[in-house]
Amino acid sequence: ISEELRRAQEEWEAVEEIQSGLGGTSASAAPPISFNEALQYFQTADLSECRKKVRATVRRQGLAALIRFLFGPPRLQPQLQGERELALAMAQCGLDDNERVHMRILQTIYKKLTRSRLGCPRYGAHWEELGFQGADPGTDLRGTGMLGLMQILYFVMDSQTLPLAEEIFQLSQHETQAPAITLLLLQNFPFCIMSVNITRIVIQALREERLSRECNRRQQVIAVLNDLYAAAFLQLYRVWKWQHKTVTDSGFLLKELEFSTKKKPKQLLRSLEAYVNRSPVADGLQQPPPPSASVGGSRPGQEIDFTGICDLQVELEGEARLI
């Protein structure tokens, strides 16, 4: 490309940004942010107010404490407690328009999912196209805080999980060409809201110390959370795609996913490892087994309502529904 053509292209892109209300010093004009850069920001940021909101793990007493000691998961090692507290503090941190890193995270997610070189306005219907409930993504993060966005950022910025994120996002946008088909056969779903639900499940598993064994083995907490998030999303994607699920099945599937995440995290992580190693399972050649009826809670095909995250009672264990 000639130098003159290159300059003309840059000028045209600048005009597009100005017309979209994105020019100048807005976060949308900033370069994409990596997950590690964003994490470094939270490691050094003042999260003292967020840390005050973190609920301590429930300590059992008497016979319940003895049973947990003998048969329950191991305790998280002391040197990992700081990283655990950071993850839970991030989950209490709301989206702040005045924090440049927050806005860069949001814009990076938009650009990666839409494959757009341009950013987008802070508010608008374009966020609904990504699977948020309204024009402001911040209102959908009350149950997971910035950790909800950080896990999406990890999903789309990691070279090993990006292909999976793109496949899931494409399925979430599914529209049939047959005009006579009913909406019940459409497999589309709100991608970002589903992601927030999975993050909530992962947070609950961490709070209940279901991930301590894996965290102790790897001497990491946030990396384990991210891998488990991606593994859970992979599991949901396979069931959704192969069993032709729709949004009416969401409550049942999230209940199944919560059970698997808490009871079989190692199995989920192995499945993700197989995917990134491009095994036959990774290519979707093996269909997942039918969901167990033992942990149901709602029937397949039962309709659910999309409610706000502020309506979610996070304290209630076993509560798994599409927020």
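Visitor: What share of the contacts in the protein between residues at least 6 apart in sequence join residues at least 24 apart?

Guide: That share is 75%. A contact here means heavy atoms within 4.5 Å. Please keep in mind that this is a predicted model, in which local features need pLDDT of at least 70 and side-chain atom pairs count only at pLDDT 80 or more, while totals for chains, interfaces and linings use all residues. Residues are numbered from 1 along each chain as its sequence is written, and side-chain values use heavy atoms, with hydrogens and water left out.

Visitor: How many helices and strands does the protein have?

Guide: There are 14 helices and zero strands. Both are DSSP runs numbered from the N terminus: helices are H or I with at least four residues, and strands are E with at least two.

Visitor: Why is Cys 192 called buried?

Guide: Buried means under 20% relative accessible area, exposed means over 50%, and partly exposed lies in between, with a 1.4 Å probe and protein chains only. Cys 192 has a relative accessible area of 0%, so Cys 192 is buried. Cys 120 is at 3% and therefore counts as buried too. Across the protein, buried residues make up 47% of the 323 residues.

Visitor: And how many disulfides are there?

Guide: The count is zero. A disulfide would be a pair of cysteine sulfur atoms within 2.5 Å.

Visitor: What makes the pair of Phe 191 and Phe 233 stacked?

Guide: A pair of aromatic rings is described by the distance of the centres and the angle of the planes. Rings of Phe, Tyr and Trp (its six-membered ring) pair if their centres lie within 6.5 Å; planes under 30 degrees apart count as stacked, over 60 as edge-to-face and the rest as tilted. By this rule there are ten aromatic pairs. For Phe 191 and Phe 233 the values are 5.4 Å centre to centre and 20° between the planes, and the pair is stacked. Phe 191 lies in helix α10 (residues 191-207) and Phe 233 in helix α12 (residues 222-242), so the pair ties together parts that are 42 residues apart in sequence.

Visitor: Which residues touch the most other members of the largest nonpolar core?

Guide: They are Phe 42, Ile 105, Leu 149, Met 150, Phe 155 and Phe 233, in a core of 81 residues. Helix α12 gives the largest share of this core, 14 residues. A nonpolar core is a set of buried Ala, Val, Leu, Ile, Met, Phe, Trp, Tyr and Cys residues joined through side-chain atoms within 4.5 Å. Leaving aside residues up to four places away in sequence, Ile 105 touches several residues, including Ile 33, Phe 42, Met 146 and Leu 153.

Visitor: Is Asp 227 buried or exposed?

Guide: Asp 227 is buried, because its relative accessible area is 16%. Asp 227 is found in helix α12, and its contacts, not counting residues up to four places away in sequence, are Tyr 154, Arg 218, Leu 269 and Leu 272.

Visitor: What is noted about phi of Glu 209?

Guide: Most residues other than glycine have a negative phi, and most peptide bonds are trans. Phi of Glu 209 is near 60°, a positive value in a residue other than glycine. Glu 209 is found in the loop between α10 and α11 (212-218), and at a relative accessible area of 7% Glu 209 is buried. Phi of His 244 is also positive, near 55°.

Visitor: Is His 244 buried or exposed?

Guide: His 244 has 60% relative accessibility, so His 244 counts as exposed. His 244 is found in the loop between α12 and α13 (250-263).
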